[in-house]
Amino acid sequence: MTDSGDGDAVLAVLQSAQDRGALTALGRRLGPQVRALLAGASSIGYGSLSARGAQEQQQAALRLERRLPGLFDAIAAGQQPIAVETSGVARAVASANAFTAGLTAGDPALAAVIRPPVTDKNLLYFHKQPQNADYQAYLASDPDLAAVLARIDGEPETARAAAQVAARLFRPDFAAAMTGEERLAFARSLYQLYGAAPDLRAEAPDVDLDPFLPAEDARRLAYLDDAEEFYQKGPAFSGRTITYGMAQVLLDDLLSQAAAKAHGTSDKGAVLRFTHAEEIEPLAVLLGLPGSTEPADPAQPYSYGTNPWRGARVAPMAANVQWDLFAGPAHGGADARAAGGRTAGGATAPGGTRYLVRMLYNEKETAFPAACRPIARGSYFYDLDEVERCFGRH
């Protein structure tokens with residue numbers, strides 16, 4: 001939770017209803033739950049990494065070590081630096097520290113080679129930078145964006161879900177006196193709290209918002225969230241790249257880091273980057289990751305029935321994209337000596353060494369776009385020069 005706005009909004013409506021004696025028995029139970037959730041979030045500071053978030057980062061680091069034990073043994077033995085880059089936002093820095101703590105817990109020898117986090121906003125917070133003012137203007141005032149989101153918000157199913165949420169918590173006269181916009185605003189704020197509660201399980205262990213938001217209504221409100229993410233950070237409108245073209249800087253860096261490793265101009269053992277959904281989601285579009293490849297026709301708004309995009313799958317909490325670089329003899333298959341972690345790209349280097357790249361998306365082997373040719377049908381391994389070719393580097 002980045003602030004208390006949604007909780008404050010829900011509590012304000014509940015207080016108004018309480019003053020009028022208009023809360024149902026269920027409605028009277030909601031206020032204490034919301035206050036407990038806000039107390040949990042404020043105890044660590046709004047916008048900060050939660051205990052569950054730190055645990056997820058640490059466990060992801062340990063799984064990475066188990067997948068690539070030879071890589072980290074070689075990094076420690078060769079004293080190869082592990083570079084750590086962040087957006088500079090406090091929770092991204094905290095995520096980096098939790099992740100590297102997981103690495104050193106699994107292999108204490110790595111402590112000597114992990115570099116302190118450095119901030120690179122142009123790379124890892126690009127959506128807020130001056131060079132992307134056109135994107136910021138799109139969010140603020142693009143007429144097509146405003147129209148499609150208003151159309152989705154105005155669908156009868158949306159009004160029905162908001163009315164059902166209000167009807168369970170407020171007496172009929174109070175719910176009827178609310179405008180449609182007020183009911184929707186209340187329901188959406190409640191949904192944001194509902195979504196945040198699992199992430200704050202350690203800080204607010206007794207909070208359970210499931211009784212206040214039936215699954216059917218939660219699905220509709222999730223769709224509204226997904227529509228916003230789709231049009232603001234994802235594939236968005238056919239024929240327009242405003243939402244994801246800015247991620248090219250991050251894709252270029254992935255390719256450049258690996259090319260440097262392959263050509264012997266980088267001594268880094270691994271590059272670890274920590275950023276946000278605003279960067280992960282557009283990168284997913286550029287990479288053609290599952291669920292991120294289909295934009296919407298301007299005349300046909302995004303819907304669950306016609307588009308696979310789901311925010312919970314594209315960019316869940318602790319979402320990650322990992323490129324592994326493998327080195328082997330130029331003639332014959334590459335062996336399993338990982339040459340670098342979380343970077344890839346480049347061409348076969350001089351000296352008879354062949355480099356292959358493998359991508360993992362949320363820790364699962366994932367194919368590159370169809371334009372990229374793997375080393376064999378069905379394989380998740382690609383020659384580095386092929387990865388460069390299919391992303392237009394040569």
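Figure 1. Just after H14 comes Gly 288, with a positive phi of about 65°. The model shown here and in the other views is predicted, so that local features need pLDDT of at least 70 and side-chain atom pairs count only at pLDDT 80 or more, while totals for chains, interfaces and linings use all residues. Residues are numbered from 1 along each chain as its sequence is written, and side-chain values use heavy atoms, with hydrogens and water left out.

**Figure 2. Helix H13 and the glycine that follows.** Helix H13 (248–262) has 15 residues and reaches 21 Å from its first C-alpha to its last, close to the 21 Å expected at 1.5 Å a residue; the expected span is 1.5 Å times one less than the number of residues. Among the buried residues are Leu 250, Leu 251, Leu 254 and Leu 255, together with Asp 253, Gln 257 and Lys 261. Gly 264, which follows H13, has a positive phi near 75°.

**Figure 3. Two loop alanines with positive phi.** Most residues other than glycine have a negative phi. Ala 236, although not a glycine, has a positive phi of about 55°, and its place is in the loop between H12 and helix H13. Ala 318, in the loop between helix H15 (311–314) and E4, likewise has a positive phi, near 60°. Ala 236 is buried, with a relative accessible area of 2%, whereas Ala 318 is partly exposed, with a relative accessible area of 34%.

**Figure 4. Strand E3 and its partner E1.** All 5 of the 5 residues of strand E3 (residues 270–274) are buried, so the strand is largely enclosed by the rest of the structure. Ala 270, Leu 272 and Phe 274 point one way from E3, while Val 271 and Arg 273 point the other way. Strand E1 (residues 82–86) pairs with E3 in the parallel sense over 5 bridges, a pair of strands being two between which DSSP finds at least two bridges. Within this pairing, Ala 83 stands opposite Val 271.

**Figure 5. Helix H5 and its surroundings.** Helix H5 (residues 90–106) has 17 residues and spans 25 Å from its first C-alpha to its last, close to the 24 Å expected at 1.5 Å a residue. Its buried residues include Ala 92, Ala 96, Phe 99 and Leu 103. Among the elements that cover the buried residues of H5 are helix H3 (51–67), helix H4 (69–78), E1 and E3.

**Figure 6. Strands E4 and E6.** In strand E4 (residues 321–329), 8 of the 9 residues are buried, so this strand is largely enclosed by the rest of the structure. E4 and strand E6 (residues 353–361) run antiparallel and are joined by 9 bridges, with Phe 326 opposite Leu 356 in E6.

**Figure 7. The disulfide of Cys 372 and Cys 390.** A search of the whole structure finds 1 disulfide, defined as a pair of cysteine sulfur atoms within 2.5 Å. The disulfide joins Cys 372 to Cys 390, with 1.8 Å from S to S, and the link is right-handed, with 70° about the S-S bond. Cys 372 lies in the loop between strand E7 (364–366) and strand E8 (381–383), and Cys 390 lies in helix H16 (residues 384–390), so the pair ties together parts that are 18 residues apart in sequence. Cys 372 is buried, with a relative accessible area of 3%, and Cys 390 is buried too, at 18%.

Methods: Buried < 20%, exposed > 50% of the residue type's maximum accessible area, 1.4 Å probe, protein only. Helix = DSSP H or I, 4+ residues; strand = E, 2+ residues; numbered from the N terminus. Contact = heavy atoms within 4.5 Å.
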